[in-house]
Amino acid sequence: MFAPSCTLSAQDITIINNKKSDYVIVIPAEPLPAEDKAANIMQGYVFKASGVQLPILRGTEQPKLPAIYIGRTQKGNKVFPAKLSPEGYLIQTDKKDIIIKGGSGKGVVYGVTTFLEQYGGFKKLSNAVEVLPALTKWTIPSIKLEHKQAFEYRETYYPASMDAEYLEWQQLHRFE
């Protein structure tokens with residue numbers, strides 16, 4: 001019953017295999033604070049789960065290695081030239097590359113955390129509880145996901161909501 005979902009298709013992308021990766025993270029030469037933060041979240045969580053350090057390259061638009069393009073990169077703008085809502089995001093694969101683009105707000109950070117959660121099994125359940133998969137091999141399917149927030153402002157009064165990282169993973173705000 002589960003066999004079809006366990007087989008790899010020709011479009012699947014393997015980011016990590018046997019605790020090794022050829023991937024790099026590419027951000028703009030002069031990244032916005034949200035782009036820099038998103039790249040560091042990607043790098044940090046992948047390292048925590050796998051021990052693999054994905055290098056962050058600034059301004060390198062076409063590295064010879066497969067890449068995770070984060071933010072306003074030339075490749076991201078070529079694949080998806082449309083403007084995103086401020087906290088909206090796009091996650092899309094293009095052959096072996098992965099593009100994560102966001103709007104003018106925290107959209108790129110939300111795109112990275114969504115990618116890690118939906119395609120990597122990472123979770124941030126509270127300010128003290130996170131779920132990290134043991135990534136010896138990480139394969140993702142072909143993706144094209146564009147998301148626009150349903151509400152402009154999202155807040156909760158859960159004790160963990162005092163933690164900025166938790167808020168980003170849950171795509172929430174804090175009025176204070």
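## Basis of the description

Two strands are taken to pair if DSSP finds at least two bridges between them. Helices (H or I, at least four residues) and strands (E, at least two) are DSSP runs, numbered from the N terminus. The structure is a predicted model, in which local features need pLDDT of at least 70 and side-chain atom pairs count only at pLDDT 80 or more, while totals for chains, interfaces and linings use all residues. Residues are numbered from 1 along each chain as its sequence is written, and side-chain values use heavy atoms, with hydrogens and water left out.

## The sheet

An open sheet is formed by 6 strands in the order β3-β2-β4-β6-β5-β10, with mixed pairing. Its edge strands, each pairing on one side only, are β3 (56-58) and β10 (144-147). From one strand to the next, the twist averages 20°; axes are lines fitted to C-alpha atoms, for helices over the stretch in contact, and angles run from 0 to 180 degrees between N-to-C directions.

Strands of a sheet pair through backbone hydrogen bonds, either parallel or antiparallel. Strand β2 (residues 24-27) pairs with β3 in the parallel sense over 3 bridges. Within this pairing, V26 stands opposite L57 in β3, and I27 stands opposite R58. Strand β2 also runs parallel to β4, to which 3 bridges join it; here I25 stands opposite I68.

Burial is judged by relative accessible area: buried means under 20%, exposed over 50%, and partly exposed in between (1.4 Å probe, protein chains only). In a regular strand the side chains alternate between the two faces of the sheet.

I68 belongs to strand β4 (residues 67-70). I68 has a relative accessible area of 0% and is therefore buried.

## Helix α4

Helix α4 (residues 107-120) has 14 residues and reaches 19 Å from its first C-alpha to its last, close to the 20 Å expected at 1.5 Å a residue. The expected span is 1.5 Å times one less than the number of residues. The helix is mostly covered, with 11 of its 14 residues buried; among them are V108, Y110, F115 and L116. Just after α4, G121 takes a positive phi of about 85°.

## Two loop residues with positive phi

N18 is found in the loop between β1 (13-17) and β2. The phi of N18 is near 55°, a positive value in a residue other than glycine. N18 counts as exposed because its relative accessibility is 60%.

K95 lies in the loop between β5 (89-94) and β6. K95 is also not a glycine, and its phi is positive, near 60°. With a relative accessible area of 75%, K95 is exposed.

## The largest pocket

On a 1 Å grid over the protein atoms alone, a pocket is an open set of points where a 1.4 Å probe fits, with protein on both sides within 12 Å along at least five of seven lines; lining residues have an atom within 4 Å of a point. About 210 Å³ of space lies in the largest pocket. Grid points are joined across faces, edges and corners, and a volume is the space filled by probe spheres set on the points.

The lining of this pocket comprises 15 residues, of which R72, K101, G102, G103 and S104 lie nearest its centre. At least two lining residues come from each of α2 (33-50) and β6 (97-102). The lining divides into 6 nonpolar, 5 polar and 4 charged residues. Ala, Val, Leu, Ile, Met, Phe, Trp, Tyr, Cys and Pro count as nonpolar, Asp, Glu, Lys and Arg as charged, and the others, Gly among them, as polar.
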